[in-house]
Amino acid sequence: MSHETMSQHSTAADGSGDRSLDPRLAAKARELAAQGTVLLRNDGVLPLAPESRVALFGRTAKDWLAVGYGSGGDVNPPYISNLTDALRESGAVKVDEELAAAYDRFSEEQPADPGTVWGKWPTHYPELELEDEQIDAAAGRNDVAIVVIGRAAGEDRDAELAPGSYFLTEQEESLIARVSSAFERTVVVIDAGNVMDLSWAERYSISALLIAWAGGMESGSALGEVLTGVREPGGRLTASIARRYEDAPTAKNFGDPDVTTYVEDVFVGYRYYETFAPEAAQFHFGEGLGYTSFSFGFGEFSSDATRARIDVTAKNTGERDGDTVVQAYIETPDGKLSQPARRLAAFSRTGRVAAGESAAVSLEVDLRDFASYDDSGATGHRSAYVLEPGTYRLHVGQSVKDAEVAGEIEIGELIVVKQLEEASSIQKGCGFDRMVLNCGDDGRAIVGYEKTPEEERDLARRILERLPEELPAPAEGGSLPSFEEVRAGKVGLEEFVASVGTEDLIALAYGDTTMDSPLGVRGNAGALGGVTESLRERGVAPAITTDGPSGLRVSAFASLLPCGTALASTWNLEGVRELAELHAEEMLAKGSDILLSPGMNIQRDPLCGRNFEYFSEDPLLTGLMGAAVVSGVQSKGVAACPKHYAANNQEHNRIYSDSRVSERALREIYLRGFQIMVEESKPRTIMTSYNKINGVWGHYSYDLVTTILRGEFGFDGLVMTDWWMRMVEDPNFPALRDSAYRVRGGIDVLMPGSKEHGGDTCDTGVKDSLGSDGGLTLGELQLTALHVLRFILEANPQGYATSAEKGRRNLM
Ligand code: BGC
């Protein structure tokens, strides 16, 4: 499709007219947007028959929603393709121009205006009111109707259980009702970042239902190709869709402004539905259709102690070429610890299989990776990952719902997989009743509750016992080493850090105070590292951060890419990695050193406003997708910054709300994705979250960052805050407050640096407390500097000045 007919943006926000983007990145984005499209129902209407006459209903067909709102979506693409034009230009079908013209007129009269007020973006746009006669006339002229329903999600704003948000508006429902009764064949497309209620799909005669996730600037074209059969709709759901929102396990515990209690514990999403109420899920995790069908045959199942390998033959039983996703789920024996009936354990896309042919896929699973964390001591091994004895079954299929037993492993005696220590546990007096699995009289699984354990460890003591040593002071009178000498291997990094004066050590713990730092490309999110003249004189470059998951948020034009959910729905790790590699080249070209991406929070509840930035309700899929993005980005030398660590699962009052969650659920669900990603891809940076986790803000949490992230997961990069932080005194150490409390926690850099939003001065927490009685030690501050400088050393930000940006960026 030519870009001329798409919605055009003539100049970027920085006034430049350079519209050129990497065509390879655009092509990969289109391929993945199509592959992430989830087809939930199809009676054969799709792909559209050649030459079909198609009537497009719903303004979103033209006013295409390609991204969510907020930091993760605020990208300036030079164009956004839309479905109407894509179908028109495909030449494969004939678009009803009379109807299209009516929508064009309506769009001109009432433009789809996203507004400019942060967090107040519209979740939908009002629809054109059509008369019954218009619909009937269109039915007379056309073979198929396509109704497009649009929903936009965004940061700082959760969806609501209201028409126009989670639910259809009356106008939308009436449109679907009237169109589906006037037309013999109606296709409904949901163009959205987040899931919405789909219960109405049962009430109307709908031939096909698809979800096209906010898929970036190429997504209108991508969907056009899917509908006309040029590509397959390859997506599989990465989160379950409840028949009724009230049936979701989190429904009663979401959105409280102060405290959100994670009562469902490890029974998140499909882990709940499959265990207790499969019928409550209208669409199941892993579900999605292609344009052909597959049947699976199970070959050899071999197992050795805790490891299993299963060979699967996926036969294309349909008439078209296509591919599918082979999914394996573990069923864990219920023991002292309650267990979800299914957990995703491995998956693989087959790749293209010709009609009638088969593909061989091998999946490997080590049960040790799926051990359970005993936070109460119920198994006799408190704070340990254990495998309880019993039969572990591996189910394999094309979704969680249709997976069948493919093999079993017997564990004779309890195995302690790893003994850890209590961390980030529920504070004293804050325990609650969490969901457990009970057995009903008829033998069926029923929901029960047990009291969560509360903290026992002495955090203050742990911190004091592990305070880092001060570095040996440099010899007196010697000249100060330069960072180039460190680079050349002539001076050790620690030696360099020891030579940095207090003022610069403090400066390294803060960003350059503002977003759009003058040290970097216009529209950047902030700078860190060489933020003072004196650091730069010694050779320490500033590193420039930019948002975010759906493309580069800079003032210049940049590629708008499929959102996190769209990418994860492809279940295509290699494809996502390739996209990230190309994206990294765009970072290099446009002056970004650190991409504030991927978004890795768990889609705990369907209403979370930022779900579109995240991958899934499942930690394995989240972790592997995160690793694919990180390793793709970092393969080109620039850095990724996975976020938001951790349990940032709602937007409402996100900077104050406290996510109360058991240590078990925290580790098995909310941290697990981060752990997998860290182990697989070694991110150079990571971002903490806005919210509190068990009473402690992410940007202060010693346990989350130092005990777990660095100590257990082996993270050795730089930890930064989410933008700005809440200034308070350390409850354990009264001589510490604000950034001193943060540095003691191991959170290296406050971003973008200023004390408050929009301010231009840093807090004085570190300065005030350093060396005071009971205050921050020099060793702690040096450790922070070490993390920052190691990052600068390894990521080697160069000042990638484009000609337009010279001077602003190239300060070295
Ligand atoms: C968001 C982050 C984002 C940062 C910088 C915050 O509001 O939560 O995800 O990276 O802003 O724009």
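Trainee: Does H4 pass H5 in a left-handed or a right-handed crossing?

Mentor: This is a predicted model, in which local features need pLDDT of at least 70 and side-chain atom pairs count only at pLDDT 80 or more, while totals for chains, interfaces and linings use all residues. Residues are numbered from 1 along each chain as its sequence is written, and side-chain values use heavy atoms, with hydrogens and water left out. A crossing is left-handed if the near helix is turned anticlockwise from the far one by less than a right angle, and right-handed if clockwise. For H4 and H5, the crossing is right-handed.

Trainee: At roughly what angle do the axes of H4 and H5 cross?

Mentor: Helices are DSSP runs (H or I, at least four residues; strands are E, at least two), numbered from the N terminus. Axes are lines fitted to C-alpha atoms, for helices over the stretch in contact, with angles from 0 to 180 degrees between N-to-C directions. H4 spans residues 132-141 and H5 spans 170-182. Their axes come within 9 Å and cross at roughly 35°.

Trainee: Which residues of H5 does H4 meet?

Mentor: Contact means heavy atoms within 4.5 Å. From H4 come Asp 132, Ile 135, Asp 136 and Ala 139. In H5 they meet Leu 175, Arg 178, Val 179 and Ala 182.

Trainee: By class, how many residues are nonpolar in the contact of H14 with H15?

Mentor: H14 (573-590) and H15 also cross at roughly 35°, with axes within 7 Å. H14 brings residues including Leu 573 and Met 587, and H15 brings others, among them Leu 624 and Val 633. Ala, Val, Leu, Ile, Met, Phe, Trp, Tyr, Cys and Pro count as nonpolar, Asp, Glu, Lys and Arg as charged, and the others, Gly among them, as polar. Two residues are polar, two are charged, and the nonpolar count is ten.

Trainee: How many residues surround the ligand?

Mentor: A residue counts as near if one of its heavy atoms lies within 4 Å. The closest are Glu 155, Asp 547, Arg 610, His 644 and Asp 722. By class, the shell has five nonpolar, two polar and seven charged residues. The number surrounding the ligand is 14.

Trainee: How far does a polar side-chain atom of Asp 547 lie from an oxygen atom of the ligand?

Mentor: A polar contact here is a pair of N or O atoms within 3.5 Å. Lys 643 has a polar side-chain atom 2.9 Å from a ligand oxygen, and an N or O atom in the side chain of Tyr 690 is also 2.9 Å from one. For Asp 547 the distance is 2.4 Å.

Trainee: Near what omega is the cis peptide bond from Met 751 to Pro 752?

Mentor: Most peptide bonds are trans. Pro 752 sits in the loop between H19 (739-745) and H20 (765-769). The bond from Met 751 is cis, with omega near -5°.

How values were computed
A polar contact is a pair of N or O atoms within 3.5 Å; within protein, one must be able to donate a hydrogen and the other to accept it, and residues adjacent in sequence count only if both atoms are side-chain atoms.
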